[in-house]
Amino acid sequence: CLKPSQNLHDQLLLTKIGRQAERKVTTGTASSTPRRHDEWGLVQLPEFLTRAGIDSDSVRLEEGSGLSRTNRVTPAATVALLRFMAAHPQQKAWKESLPLGGVDGTLKYRFKTGRAHRTVRAKTGSLRGVHALGGYVITAAGEELVFAIYANQAQGDPLVRARIDRFVEILAST
């Protein structure tokens with residue numbers, strides 16, 4: 001899902017989570033509220049947000065692909081998720097699933113040179129007029145920083161992505 005940014009896979013993962021949740025709740029009983037599997041998956045979100053220490057008011061998801069304009073996630077929620085995953089038992093696999101600056105995934109053609117080359121692992125996000133980048137960067141001093149940068153209503157600014165990348169370069173140079 002993350003490196004190649006396969007939005008369909010994200011939606012299918014939410015559906016799989018939903019199927020498992022539905023089975024757990026409805027085994028041996030008739031479901032009183034018919035739901036689609038992705039809706040069952042979204043029912044699991046509040047419990048995960050609590051476990052991850054993410055304010056539930058900072059996340060609103062209508063589907064799993066990330067393509068709905070009604071989805072809302074704050075940069076603070078993204079940073080909280082990144083911090084949670086940095087301490088998770090599967091943190092190595094998590095970080096390796098993120099695109100590496102100048103090397104692969106959606107960052108293959110970004111950060112080809114400079115201090116952030118091979119020192120930033122981050123997930124991109126974009127819709128018309130929206131650009132986002134969140135992840136980890138190793139500074140010149142060897143410290144790992146967590147960041148999330150969102151630019152909304154940016155359809156008229158062709159330099160938004162370059163400005164986001166410049167900010168990450170500044171973080172990497174500290």
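Me: Before we start, what should I keep in mind about the numbering and the model?

Reply: Residues count from 1 along each chain as its sequence is written, and side-chain values use heavy atoms, with hydrogens and water left out. Since the model is predicted, local features need pLDDT of at least 70 and side-chain atom pairs count only at pLDDT 80 or more, while totals for chains, interfaces and linings use all residues.

Me: Let's take the sheet. In what order do its strands sit?

Reply: First the terms: strands (E, at least two residues) and helices (H or I, at least four) are DSSP runs, numbered from the N terminus. Two strands pair if DSSP finds at least two bridges between them. Here three strands form an open sheet in the order 3-4-5, with antiparallel pairing. Strand 3 and strand 5 are the edges, each pairing on one side only. From one strand to the next, the twist averages 5°.

Me: How many bridges join strand 3 to strand 4?

Reply: Eight, and the two strands run antiparallel. Tyr136 stands opposite Val146 in strand 5, and Gly135 has Phe147 as its bridge partner. As a general point, side chains in a regular strand alternate between the two faces of the sheet.

Me: Which residues take a positive phi in the hairpins?

Reply: Two glycines. Strand 3 and strand 4 have two residues between them in their hairpin, where Gly129 has a positive phi near 85°. The hairpin of strand 4 and strand 5 has five residues between the strands, and Gly142 in that turn has a positive phi of about 90°.

Me: What span should helix 6 have?

Reply: The expected span of a helix is 1.5 Å times one less than its number of residues. For the 14 residues of helix 6 that gives 20 Å, and the end C-alpha atoms are 20 Å apart, which agrees.

Me: Which residues of helix 6 are buried?

Reply: Buried means under 20% relative accessible area, exposed over 50%, and partly exposed in between (1.4 Å probe, protein chains only). In helix 6 the buried residues are Val160, Ile164, Asp165, Val168, Glu169, Leu171 and Ala172. They pack against strand 3, strand 4 and strand 5.

Me: Which residues touch the most other members of the largest nonpolar core?

Reply: In soluble globular proteins, nonpolar side chains tend to be buried together. A nonpolar core is a set of buried Ala, Val, Leu, Ile, Met, Phe, Trp, Tyr and Cys residues joined through side-chain atoms within 4.5 Å. The largest one here has 17 residues, and Phe111, Val120, Leu133, Val137, Phe147 and Val168 touch the most other members. Helix 6 gives the most to this core, with five residues. Leaving aside neighbours within four places in sequence, Val168 contacts several residues, including Ala116 and Ile149. A second, separate core of 14 residues includes Leu45, Leu49, Ala77 and Phe84.

Me: How many salt bridges does the structure hold?

Reply: A salt bridge is a side-chain nitrogen of Lys or Arg within 4 Å of a carboxyl oxygen of Asp or Glu. The structure holds nine. In one of them, Lys3 pairs with Asp104, the closest N and O atoms being 2.6 Å apart. Lys3 lies in the segment before helix 1 (7–26) and Asp104 in the loop between helix 5 (91–97) and strand 3 (120–127), so the pair ties together parts that are 101 residues apart in sequence.

Me: And is Lys95 buried or partly exposed?

Reply: Lys95 is buried, at 14% relative accessibility. Its salt bridge with Glu144 has the closest N and O atoms 2.9 Å apart, and the pair links helix 5 to strand 5, 49 residues apart. Glu144 is partly exposed at 35%. Elsewhere, Arg36, Asp38 and Glu39 are linked in a network of salt bridges.

Key:
Axes are lines fitted to C-alpha atoms, for helices over the stretch in contact, and angles run from 0 to 180 degrees between N-to-C directions. Contact means heavy atoms within 4.5 Å.
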